[in-house]
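Student: I have a protein model open and would like to understand the words that are used to describe it. Could we go through them with care, setting each value against its definition?

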Amino acid sequence: MSRYFRAKIADNHSLNSKTFLITISPFKKAPAPKPGQFYMIEAGDSYDPLLKRPFSFFRKTSGGIQFLYTVKGKGTSLMKDYKRGKVISIIGPLGTGYPKPEKGVTPLLVAGGTGIASIFSLAENFSKRSCLMYGAKCKDELLIINELKCLCNKSVVCTDDGSAGEKCTVADLLNNFINSRLAHTDPYVLYACGPKPMLEVISRIAIKHGIKGYVSLEENMACGFGACLGCVVKTVNGYKRVCKEGPVFPIEEIIW
Ligand SMILES: Cc1cc2nc3c(=O)[nH]c(=O)nc-3n(C[C@H](O)[C@H](O)[C@H](O)COP(=O)(O)OP(=O)(O)OC[C@H]3O[C@@H](n4cnc5c(N)ncnc54)[C@H](O)[C@@H]3O)c2cc1C
Ligand code: FES
C-alpha cells in the first residue's frame, strides 16, 4: 500500500502557548501506524518550506490520525494556522516502531518535552502495564497528564522549575525508580523519547543497571524515507539512517 496520501484537517487546536494537537482524516485507507513510527507532513502552501516535516504518530481516533507538535520554526508556524477542511499531503507511516516487550517484562516509559508524542501511543498500547516518567520545563509544558495517568500503572512527573511534580530531571526520576526497586527482581525494558542529551543520560543509566531498552531519535530530516542520507547517526554497526533504520534504536547501539 502506498505511503503517500492526502488528508483533510479535521481539527487543529492548541494545548498550550506553543503546542498543538492536529487531527488529519485521510481520503483513502492508509497503512496502520505502530507506536514509534512517524509521518512527513506538508508544512505550508508554497515552496517555502519545500520539505515536509517529521512528526511522531500520536494516536488514532474515530476522527483520524493525531499528531502533537510544538511550534519551532517556519514549518510548524504555518501548521498552527491550518484550518479545518484544509487538504494536505502526507507520507507515512515511516521508520521502525518500538519492539514489543517480552512476556512478563514491565515497560518503563521515559519522555522529555514533546517526546511524549511518541511515548503516548506506547502507553495506550500497554494498557495499564507501564510505568511512566515524564519531564518538561514547567507545568504548562506537561501535556495530557490526566490521560497518561489513566493509561499507566504508575506515573511520575517532574519539571525544571518545580512548578509541577518533582523539581528534577527525568534522569533523576529514573535513578530514583531503579534505586527504590533494587531489592526487586522484576525485569524492565526502557522506551525513551526526548532531547538527545536526555536520551544519552537515560541510556547510560539503563545500561549501567543492566536494563535493556530503546530510544527514539529526532534528527533533522529531508526526505524521510532513506534516500538523502541527511539524517544519519553513528552506531556501533556503522552509520544508520534515523528515518529508515530508526527512529527507534536499541540503547547500546548509539554512539553518542
Ligand atoms: C522522527 C521524528 C519525529 C518527530 N516527532 C515530533 C513530534 O511528534 N512533535 C514535535 O513537535 N516535533 C517532532 N519532531 C521534531 C519536528 O520534526 C521539528 O520540530 C520540525 O521539523 C521543525 O520544523 P520547523 O519548520 O518548524 O522548524 P525549522 O525552521 O526547520 O527549524 C527550527 C529549529 O528546530 C530545529 N529542528 C528542526 N528539525 C528538528 C528535529 N527533527 N529535531 C529537533 N530539532 C529540529 C532546527 O535545528 C531549528 O533550530 C520529530 C522529528 C523527528 C525526526
Ligand atoms: S531524511 Fe533522507 S535519508 Fe533520512
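Student: How many salt bridges does the rule count here?

Tutor: The count comes to eight salt bridges, where a salt bridge is a side-chain nitrogen of Lys or Arg within 4 Å of a carboxyl oxygen of Asp or Glu. Please keep in mind that this is a predicted model, in which local features need pLDDT of at least 70 and side-chain atom pairs count only at pLDDT 80 or more, whereas totals for chains, interfaces and linings use all residues. Residues are numbered from 1 along each chain as its sequence is written, chains are lettered from A and ligands numbered from 1 in the order in which they are written, and side-chain values use heavy atoms, with hydrogens and water left out.

Student: Why is the pair of Arg84 and Asp11 called a salt bridge?

Tutor: The N to O distance between the side chains of Arg84 and Asp11 is 3.8 Å, and the limit is 4 Å, so the pair meets the definition. In general, side chains of opposite charge can pair when their charged atoms come close.

Student: What does the pair of Arg84 and Asp11 tie together?

Tutor: Because Arg84 lies in the loop between helix 1 (74-79) and strand 7, while Asp11 belongs to strand 1 (residues 4-14), the pair ties together parts that are 73 residues apart in sequence. Helices (H or I, at least four residues) and strands (E, at least two) are DSSP runs, numbered from the N terminus.

Student: How do you know where domain 1 and domain 2 lie in the chain?

Tutor: The domain assignment, which is automatic or from a database, gives domain 1 as 4-94 and domain 2 as 106-250. Their C-alpha centres lie 22 Å apart.

Student: How many residues of domain 1 and of domain 2 are in contact?

Tutor: With contact taken as heavy atoms within 4.5 Å, 19 residues of domain 1 touch 22 residues of domain 2. The area buried between the two domains, meaning the accessible area (1.4 Å probe) that two parts lose on being put together, summed over both, is about 1,800 Å², and carbon and sulfur atoms give 63% of it. In domain 1, Pro35, Phe58 and Arg59 lose the most area to domain 2, together 26% of what that side buries.

Student: What makes Glu147 and Arg59 a salt bridge?

Tutor: The closest N and O atoms of Glu147 and Arg59 are 2.7 Å apart, so they fall within the limit in the definition. Between domain 1 and domain 2 the count is two salt bridges.

Student: What kind of peptide bond joins Gly92 and Pro93?

Tutor: Gly92 and Pro93 are joined by a cis peptide bond, with omega about 0°, and Pro93 is found in strand 7.
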